[in-house]
Amino acid sequence: MSNSGKKIKYKSQSRSRRVSLGVTYLILIILSVIWLIPLLWIVLSAFRCQYHPDGTFIGTVTSDYFPKYVGLKNFKDLFSMTFAGVPNAFGKWVLNTLIIAIVCCIISTFLVLSVGYCMSKLKFKLRKPFMNISMIIGLFPSFMSMIAIYFLLKSIGLTGNPEHPEYSIIGLILAYSAGAGLGFQIAKGFFDVIPNALVESAKLDGCTSFKIFRQIILPLAKPIIIYQALMSFTGPWMDFIFAKVIIGADNPRYWTVSVGLYSMLFSAFADKNLFTQFAAGCVIVAIPIVTLFMFLQKYYVEGVTAGAVKG
Amino acid sequence: MSSKTKVPKKNKLSLPERIGKAFSNFGKRFVDGSLGTKLSHFIFGAGNFYHKQYIKGFLFLVIQVAILAFMILCPEVNGTPYGWKALRNLSLKYATEGSEFDPVLGFVSFNSDCKLMVLFGFVTIAVVAIYFLVWNMNIQSSYKADMDKKIGKKPTTFTEDLKELLDRKFHVLMLTPTCIAATVFTLLPTIFMISLAFSTYNQQFMNENGTNLFHWNGLENFKAVFTGEGILGFEIRNRFLPVLSWTFIWAIFATLTCYFGGIILALLINKKGLKGKKFFRTIFILTIAVPQFISLLAVRNLLGEYGPINSLLMNIGATTQPIGFLGLKPGDSESLAKFMVIMINMWVGIPYTMLMTSGILMNIPADLYEAGRVDGASTTKMFFKITLPYVIFITTPYLISSFVGNMNAFNSIFLLTGGGPTYTGYAAGGTDLLVTWLYKVTIDQGWYNTGAVIGIFTFLITATITLVTYRRSKAYNEEDTFQ
Amino acid sequence: MKKLTAILLMLAMVVSLFSACGLTDPNATATPAQNNNSQADPGNTNPTQNNNTNATTAGSVTPVPIQGTIRLWVGDESAEFYQKICNQYVQDHPDFGYEIEVKGMDTGSVAGTITNDPSAAADIYTVAHDNIGKLVSTQCAKPITDQALIDQVLADNPASFQNVIYSTVGGKQYLCGVPYISQALFLYYNKALVTDEQAKTFEGLQEAAKAAGTKAITVTGDDGFNMSFALLATKASDHSTTVKIYQGAEAVAGGSKGTSNCQGDDTVAIVRWLQAFAADPNGFKWASPDGWDADLNKENKGVLAVIGGAWHYNTAKAALGETNLGIAMIPTFTLTAEATEGLSGVSAGDVYRGGTFADCKCFMINAYSDQTKYVKEQELIRYLSSKEVQNQSYLEVLNVPAYVGAADFIKQCYDEGKVTESQYNLAAMQVSMAEWGIPQPFLTGTLNTYYYSKNGPAVFRAMIDKTKYPTTGDTILAETESVAGIRKGLYLIEYLWMHGVNPKSFPATLPDPA
């Protein structure tokens, strides 16, 4: 009696569970579709053919979501495009950005880690003031200092230098990574969780601070290193404001890929129906970044959580 | 060890006492110090040479020579000098009008570039500050060698100094690059921009003699905000409150929608028995991974006048005219544009919270639920009584930081609506946040003084919010409890 | 011991700062400089006195070693062409002594790029003439003093251009810009849906639009330049209008003291006509944020025609396809009885033709350019702005020449089959439209910006949309439907032209339209 009653209860429970699971699947699938629609639109646009097979022009901004004709022409055009007098501009932009991103990634990660470690594990006089000042400075939007940074960099010849336009890449790297150390909060949050006892016992064993940092802290800090590296690597691919001012509108040869893509849509150069090539460029930029994210997802989550959830 | 005992002692001194002590220290060092230390007051590194610390002494000396040369020779950039002339120029009283023209040679002289005068003035002040810092370090270093000698120790060698840097002074080694970089590329530029709030620097409304000349005008700009005079007063007085209130509304809605949306999404994905968790998570993470200027411009295109969505709506007869979802044309609905940016922001923002809460949800102690189940609580009840409070408790700091982050959500507005719909006669449009308004006013229009005034107001507001919440947060007050 | 690394790094910074400052290029500094002895002697460095181009033969000049680079910024579309021309020039003139580096710039933002940091800009740059005043007042431009070049400009250019290329430097009038491309607006239309006859009038376009279920006409932007078709419209019979912009004016502190007027009866009537035309479902359409080419695109069927310039040719061709691309003058329109009701200066049935700002693009010399290059720069400009090069640039990159009589050359090219029909039309219509336009007057940066792209167009838009202006603020234009309301709006535009700012309030009685 009681046995069978229990069974029925189990059954109904599992049924209601199945129903709720079904509903969950449904909601998630609907949401996934919503999430993918705009991104798929870019991908589809990248493959959209601007020309009818008979050779007539169809137009770029068209109202149908799915293209009538698809092909790889946009990608070909993109890589062979001469933009603002720069032949094969897109490949050069990608290369510039890659160089900038890699160097920035190394410098910024190093700065953030060192500041985060100091703030978390070392005790010294100016610790609290430093934390407060860095937080206050961080409240001013960075473009406010853009003009000043331009002229400071110009003073040391790293931008607005017609003889050596390539120097502005160094200038941009400086501008990007200079402020990085001030964004130490997440790293500090991470280091805070590493028990102090570990550091203290190492100290008693006669380890120098440097040794502790290198041999104890750094091996433990792999997630935060990867998180920081990921963040500072992706930064240069996304910024389109600073880069244009520092590299200069007259140096399209040294633009980063985001400045180039943005200009393809929003400047007089754009009077050329470049939307589908823009989309192709977006896909090419997005692929490596998305792949990186997918592989390093775990660390990304750890990083975000370390910075945000510290109790 | 020693630092631990010293620090609290020092903290007990009041400020005047500390200043007094610092001065008596200077006096004491000069009187008590060796000949080398005395000389160090005038020639950097003299004391170190005296103590045979040649490398160190040489380094000090090079710095002194370099800075003095910098101050005396006044190198010029764009015709504006650094050095002592820059300090003099900071008053802007020496700005001169040029534009004499020699038909054979071209220009003979240009107008002074006041913005560079101000900027270089601040840089020079920083250099002077560094000079005195190094001056003090050099005396201190020599004096310490004196003291070491007195107690019979050998003055430290250069190698010992370097070793010290890797140990007790490790923080100096680690922080110096950031300090220098942040001073040059963040602090100085920020001070420069703020100072323009007290000037007449407005590129578009300069006098007819050229746009490089301006002068300090004290608090006039702030007065103008209240009287509404001039372009600065007109813009700020009429647009500040609407922009500010929208910034707050936006920040509140953007934060809450993404926050709760993210929690719900995390709950859905982490539901027991659900297959393909990783697959779903990957889809949602796409919006974080794809650069915003790509994803947001895609949305803007989708919603454009000839985009697929408008054409769909027109095909099914829902509307006869394309709808201006994003307020890109004057006359488009402001409320619709505001609604749309909040919705689109959810698309970008929800995955962040989802990622974060996923981890937390899995870490909720199972016995909490067990206890709930024993009490016969329903799933919904358990969600509201256990899950939600737990998550909120843990993520409060994130909530605060994302609120401040949303107040400064430049991309979401700039790339979607561009601040539109625009209002005739004003820089600030209907969906402009303080931060995008600031961008338009300074970078697009060149009204630098107006931008600086808005910047100061904005700063006061965000700083207050941040400081109040941050100081109350556990992260600040109970920093050491974990350690 | 101490903060040794701090010292090291600071040292590195200070030293690098210091050394780099020493390296700053000499053209950045404004000192009279010591280098005026060798190059800047105007007497012997003018071997091409006897007029431009191939006057010098390789035999009669002694080659000069290359001593530097002259950098040149032109519009992106013609950068390649000018690089080719310049390379040829350097080759043909061994005594020139400089290499020339040409870069294509975004025409829309180049003036801003120059003013932000003139010392980093090119030695010679090209801008639309309405930027001359701004560039001169910000000391970015160096006047032109080479007599041969001045003579050439005087001989080649129409009086309308002559009036707008001079500017005051240090109290004296100087030639500051050398015209080489003329720019005016005309009409592109969709031949598949509009007959040539219909394209001659706004009413015809409207009729075609009704049949196609679209809007009739749009503009490429809502600014003062593109909307000039309405404000500058003139009576078709005698080219008359009461609109005056800065007539006989010169810039004075706080505004201009010349005459500006745009609230005559004819202008009021035109505004009322356009109000009705814009309200019509098959009438006028404001520029789309998706881009005017999306509007014109034959798939989207947004509008049938667009008022644009020669620089829109490739995009328009792409949007419609070569066979469907029609090119015509800006159409005429007939004032209706509703538009002229209660106005004495006009009567129903008057025919007006849409106007345009007939502008020119100019070469200018950067004020920060090294003084040693000054003479050679002017020599180069003299060549680049010569009729021969202008003609060549029409044939190769479709730049419409600015000199008087270019129409004959354009016709000749067409007759000889050197250009296609649409390429011919493009230039010919622009030349014809120039007769119906005036060059954009230019006094100062402030005044120009405000009637061109800021409040002026905004007020105009508010009037055409029959809305208030501004939405909040001091000078509220409560309504723009009545004659009085429109006249007030036009007074605002007039005031913006004169003063560059909004008036504090409206005068009790508006000044009498002259």
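How many residues of domain 1 of chain A are in contact with domain 2 of chain A, and how many of domain 2 take part?

Modeller: This is a predicted model, so read what follows with that in mind. Start with the bounds. Domain 1 of chain A covers 2-75, and domain 2 covers 89-308. The contact between them takes 10 residues of domain 1 of chain A and 8 residues of domain 2 of chain A. On the domain 1 side, α1 (2-47) and α2 (73-80) of chain A each supply at least two residues. The largest share of that side comes from α1(A), with 4 residues. By class, the side of domain 1 of chain A that touches domain 2 of chain A holds 5 nonpolar, 4 polar and 1 charged residues.

Now the chain around that contact. Chain A has 13 helices and 0 strands. From the N terminus on, its elements read α-α-α-α-α-α-α-α-α-α-α-α-α. Of the 311 residues in chain A, 50% are buried. Take the contacts in chain A between residues at least 6 apart in sequence: 69% of them join residues at least 24 apart.

Chain A also touches chain B. That contact takes 69 residues from chain A and 78 residues from chain B. On the chain A side, helix α13 (residues 275-308) of chain A gives the largest share, 12 residues. The side of chain A that touches chain B divides by class into 49 nonpolar, 15 polar and 5 charged residues.

Next, confidence in the partner. Chain B averages a pLDDT of 84, and 92% of its residues score at least 70. Among the elements of chain B, helix α5 (residues 54-73) has the highest mean pLDDT, 94. Helix α1 (residues 2-12) of chain B has the lowest, 44. Over residues 1-10 of chain B, pLDDT stays under 50. For that stretch of chain B, the model has 2 contacts beyond four places in sequence. Where pLDDT is low, predicted coordinates should not be read in detail.

Two backbone details deserve a check. Most residues other than glycine have a negative phi. B:Lys52 has a positive phi, near 65 degrees, and is not a glycine. B:Lys52 sits in the loop between α4 (46-50) and α5 of chain B. B:Lys52 counts as exposed because 12 other C-beta atoms lie within 10 Å, and the cut-off for exposed is 12 or fewer.

The other is in chain C. C:Gln139 is not a glycine either, and its phi is positive, about 55 degrees. The loop between α4 (132-137) and β4 (141-142) of chain C holds C:Gln139. C:Gln139 has 25 other C-beta atoms within 10 Å, so it counts as buried; the cut-off for buried is 20 or more.

Chain C has a domain contact of its own. Domain 1 of chain C spans 63-182 + 359-430, and domain 2 of chain C spans 185-357 + 454-499. Their C-alpha centres lie 31 Å apart. The contact takes 9 residues from domain 1 of chain C and 10 residues from domain 2 of chain C. On the domain 1 side, helix α16 (residues 421-434) of chain C gives the most, with 5 residues. That side of domain 1 of chain C divides into 4 nonpolar, 3 polar and 2 charged residues.

Methods
Residues numbered from 1 in each chain as written. Chains lettered and ligands numbered in written order. Predicted model: local features only at pLDDT ≥ 70, side-chain atom pairs only at ≥ 80, totals over all residues. pLDDT = per-residue confidence, 0-100. Contact = placed C-beta atoms within 7 Å. Domains from an automatic or database assignment. Nonpolar A, V, L, I, M, F, W, Y, C, P; charged D, E, K, R; others polar.
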